[in-house]
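A question about placement comes first.

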Amino acid sequence: MLRTALVTGSLIVTTLLPHGHDPLPARLADTGGGSQLITAVAPGPGSTTGRVTWWDRRAGRWYEEGSVEARFGANGLTDGATRTQGTDTTPAGLYELPYAFGIRSAPAGTGYRYRRVTEHAWWCQDNASASYNRWVEPLPADCAPGEAERLVTFEKQYAHALVIGFNYERPVRGRGAGIFLHVNGKGATAGCVSVPERAMRAILRWANPRRGPHIVIGTESGPLAVTRY
């Protein structure tokens, strides 16, 4: 029997998985090549809620380290390769996690490079800007304020966050910008994945950049099935 720890709300409980049950990462087409993985799974493409689970690979097997209810885009999920900016959809796919940031100090034990949000920090989403889909500080002249997020104004959501590397390395204009794993707000997101603050802090303490963590986003089955990625 495989013992796993699940984070459910404010409680940590232990469950047992039967012998022979392949953990989710073992059923994916790709996990990014590292030994840590976050899975963000929704029941279907129109779902605004689902589950985030974080995993460690040890001695050739994936072990579940924590799991929590999560929120997705207000219009559900869509294929990240064909996503359109402004659709309030969460991009399905496998992504790197370039760095962490937050308005509040990094939780003790955080191993990721962690950028503190200042009054002058923005995330540029202006398709005409040379800084499209990048943190900018201060806001450059070619990035319109109405096409950017002033990070400090999202006091709850950006208390702590991890950048999801969607459309990040070589940004495609019009595909979308500013996709993060962050703390829950009042409801569904504008395309990000969000979790309760306690879970976000736990993820930051757990994530080790030397182990190549990735996040994979998808649905339980169908064209956006998480196992495709």
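In which segment is threonine 227 found? Threonine 227 is in the segment after strand 16; helices (H or I, at least four residues) and strands (E, at least two) are DSSP runs, numbered from the N terminus.

## Basis

The model is predicted: local features need pLDDT of at least 70 and side-chain atom pairs count only at pLDDT 80 or more, while totals for chains, interfaces and linings use all residues. Residues are numbered from 1 along each chain as its sequence is written, and side-chain values use heavy atoms, with hydrogens and water left out.

## Threonine 227

Threonine 227 counts as partly exposed because its relative accessibility is 32%; buried means under 20% relative accessible area, exposed over 50%, and partly exposed in between (1.4 Å probe, protein chains only).

Threonine 227 and proline 25 are 202 residues apart along the chain, yet 8.2 Å separates their C-alpha atoms. Beyond its neighbours within four places in sequence, threonine 227 is in contact (heavy atoms within 4.5 Å) with Leu24, Arg27, Leu28 and Ala29.

## Strand 16

Six of the six residues of strand 16 are buried. On one side these are His214, Val216 and Gly218, and on the other Ile215, Ile217 and Thr219, so that both faces are covered.

Strand 16 runs parallel to strand 3, joined by six bridges; two strands pair if DSSP finds at least two bridges between them. Threonine 39 has valine 216 as its bridge partner in strand 16. With strand 7 the pairing is antiparallel, over four bridges, and tyrosine 95 is the bridge partner of isoleucine 215.

## Nonpolar cores

A nonpolar core is a set of buried Ala, Val, Leu, Ile, Met, Phe, Trp, Tyr and Cys residues joined through side-chain atoms within 4.5 Å. The largest has 42 residues, and those with the most contacts inside it include Ile38, Val52 and Ile217. Among the elements that give two or more residues to this core are strand 3 (36-42), strand 7 (90-96), helix 1 (197-206) and strand 16 (214-219). A second, separate core has 16 residues, including Val117 and Tyr168.

Not counting residues up to four places away in sequence, isoleucine 38 touches His214, Ile215 and Val216, among others. In soluble globular proteins, nonpolar side chains tend to be buried together.

## Serine 131

Serine 131 lies in the loop between strand 10 (122-124) and strand 11 (134-136). Serine 131 counts as buried because its relative accessible area is 19%. Outside the four places on either side in sequence, serine 131 touches Cys124, Val136 and Pro140.
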